[in-house]
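I opened my notebook to look at how some helices pass one another and at what surrounds the ligand. Come along and check each entry against the picture.

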Amino acid sequence: MNAPKIPFLLTPGPLTTAPATREAMLRDWGSRDGAFIALNRRIRERLVALAGGEGSHVCVPLQGSGTFAVEAMLGTFVPRDGKLLVVINGAYGHRMVRMCRAMGRAYATYETAEDTPPDPARLDALLAGDAAISHVAVVHCETTSGILNPLAEIAAIVARRGRRLLVDSMSGFGALPLDAREIPFDALAASANKCLEGVPGMAFVIARRDALEACAGNAPVLSFDLLDQFQAMEKTAQWRFTPPTHVIAALGAALDAHEAEGGVAGRGARYRGNRKILVDGMRQLGFETLLPDALQAPVIVTFHMPADPRFRFETFYDGLRDKGYVIYPGKLTVADSFRIGCIGQLHEAEMRGALAAVRATLAEMGVTQCGRAQAA
Ligand SMILES: Cc1ncc(COP(=O)(O)O)c(C=O)c1O
């Protein structure tokens with residue numbers, strides 16, 4: 001096989017970006033210059049439009065990785081005397097609990113196994129039984145397993161119970177449909193370097209403007225105060241602190257490509273195609289997915305570790321990387337596993353190339369039994 005010089009990243013971000021996105025970083029921008037200010041404004045407007053929030057929602061960008069935006073969202077929106085119910089079925093739900101502890105916010109949890117979506121009826125009962133819960137936080141696609149959580153049902157229950165919803169849509173935003181006109185939420189956090197196919201270094205929160213404006217005095221720290229960031233940006237059109245200019249320029253180019261591909265629908269369709277090629281091909285080789293197809297988001301797929309004693313993940317990983325394809329280790333507690341992503345600048349050719357690399361690497365390792373241990 002002819003390995004590409006730079007491997008394709010079949011990972012959930014950072015991921016493989018388009019040449020135009022990388023090229024957009026080849027110039028320097030003055031952060032107080034009109035051209036940069038216009039670029040920044042336009043990007044914020046486009047992100048709000050992608051969420052169906054024009055007229056009702058605003059985009060507050062933040063330096064840093066996705067975790068920064070999630071932490072800023074919780075700290076800004078959950079009042080000091082509020083209580084957050086965290087819906088957990090993976091590592092990113094657990095991380096929100098750690099944030100609550102670090103900030104000293106009261107919280108409760110509703111946890112299901114990593115391969116099990118939350119039950120909307122159970123959530124309803126939990127809200128009915130605890131009047132102190134002011135907010136609910138949920139992960140849209142739990143990247144730990146790749147599971148798609150029932151966001152619309154959860155949002156409807158939270159609204160019916162008069163509570164506020166905060167969404168971590170980090171690995172779904174831009175490819176999974178999420179329309180603020182249909183799904184009521186106060187805020188959602190996402191980042192540049194996942195389904196929007198930008199580069200790492202910037203995240204953002206899409207917030208209902210009136211909910212955000214009611215958050216004065218909530219944030220435990222200045223840097224993560226989204227209301228302060230928003231008000232400063234509205235007033236001066238500039239970032240409060242040094243903006244990641246090159247990352248923002250790359251996101252502008254990535255959003256052009258997103259639009260040219262047909263927006264959320266077009267991007268989601270390509271990722272669903274990638275997932276199908278990947279899952280069909282891996283199943284033909286005998287691998288088993290953690291999730292049934294109905295629960296599997298088109299973002300990242302978890303496979304059970306094969307039973308074959310000759311299979312060593314590190315050797316498999318290195319073999320694939322040497323052939324030009326980088327995959328991801330597992331992050332599950334329920335099963336021994338590894339993950340392969342479907343997002344980024346990956347098309348049919350790259351997905352088929354990755355499958356060919358899997359076949360060749362298994363042959364090199366002498367692995368013949370790809371089913372999981374219990375099923376062998
Ligand atoms: C659902 C979800 N939330 C939060 C994060 C954290 O983002 P970051 O690693 O950029 O801090 C990730 C990262 O993969 C994620 O998938």
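**Entry 1: a term to start with.** I call a crossing left-handed if the near helix is turned anticlockwise from the far one by less than a right angle, and right-handed if the turn is clockwise. I also remind myself that this is a predicted model.

**Entry 2: H11 and H12.** I first looked up helix H11, residues 313-322. The crossing of H11 with H12 turned out to be right-handed. Their axes come within 9 Å and cross at roughly 130°. That angle makes H11 oblique to H12. Next I listed who touches whom. On the H11 side I found Thr 315, Phe 316, Gly 319 and Leu 320. They meet Ala 354, Ala 357, Val 358, Thr 361, Leu 362 and Met 365 of H12. Sorted by class, this contact of H11 with H12 has seven nonpolar residues, three polar ones and no charged ones.

**Entry 3: H10 and H12.** I stayed with H12, residues 348-365, and turned to helix H10, residues 263-284. At what angle do the axes of H10 and H12 cross? I read roughly 20°, with the axes coming within 9 Å. Angles under 35 degrees count as roughly parallel, so H10 is roughly parallel to H12. I noted a right-handed crossing for H10 and H12 too. From H10, the residues in contact are Asn 274, Ile 277, Leu 278, Gly 281 and Met 282. Their partners in H12 are Glu 348, Met 351, Arg 352, Leu 355 and Val 358. The residues of this contact between H10 and H12 divide into six nonpolar, two polar and two charged.

**Entry 4: H3 and H4.** Then I moved to helix H3 (residues 66-77) and helix H4 (residues 91-103). Their axes are 10 Å apart, and the packing angle is about 55°. H3 and H4 are therefore oblique to each other. H3 passes H4 in a right-handed crossing. H3 brings Thr 67, Val 70, Glu 71, Leu 74 and Gly 75 to the contact, while H4 brings Arg 95, Met 96, Met 99 and Met 103. By class I wrote down five nonpolar, two polar and two charged residues for H3 with H4.

**Entry 5: around the ligand.** Which residues are around the ligand? My list reads Ser 65, Gly 66, Thr 67, Tyr 92, Arg 95, Val 139, Cys 141, Thr 143, Asp 168, Met 170, Ser 171 and Lys 194. I then looked up some distances to oxygen atoms of the ligand. A polar side-chain atom of Thr 143 lies 2.4 Å from one. For Lys 194, a side-chain N or O atom is 2.9 Å away from a ligand oxygen. For Tyr 92, the distance from a polar side-chain atom to a ligand oxygen is 3.2 Å.

**Entry 6: two backbone notes.** Gly 13 and Pro 14 are joined by a cis peptide bond, with omega about 5°. I found Pro 14 in the loop between strand E1 and helix H1. Glu 197 has a phi near 65°, a positive value in a residue other than glycine. Glu 197 sits in the loop between strands E9 and E10.

Terms used. Residues numbered from 1 in each chain as written. Predicted model: local features only at pLDDT ≥ 70, side-chain atom pairs only at ≥ 80, totals over all residues. Heavy atoms only, no water. Axes fitted to C-alpha atoms, helices over the stretch in contact; angles between N-to-C directions. Helix = DSSP H or I, 4+ residues; strand = E, 2+ residues; numbered from the N terminus. Parallel < 35°, antiparallel > 145°, perpendicular 65-115°, else oblique. Contact = heavy atoms within 4.5 Å. Nonpolar A, V, L, I, M, F, W, Y, C, P; charged D, E, K, R; others polar. Near = heavy atom within 4 Å. Polar contact = N/O pair within 3.5 Å; in protein donor to acceptor, adjacent residues only side chain to side chain.
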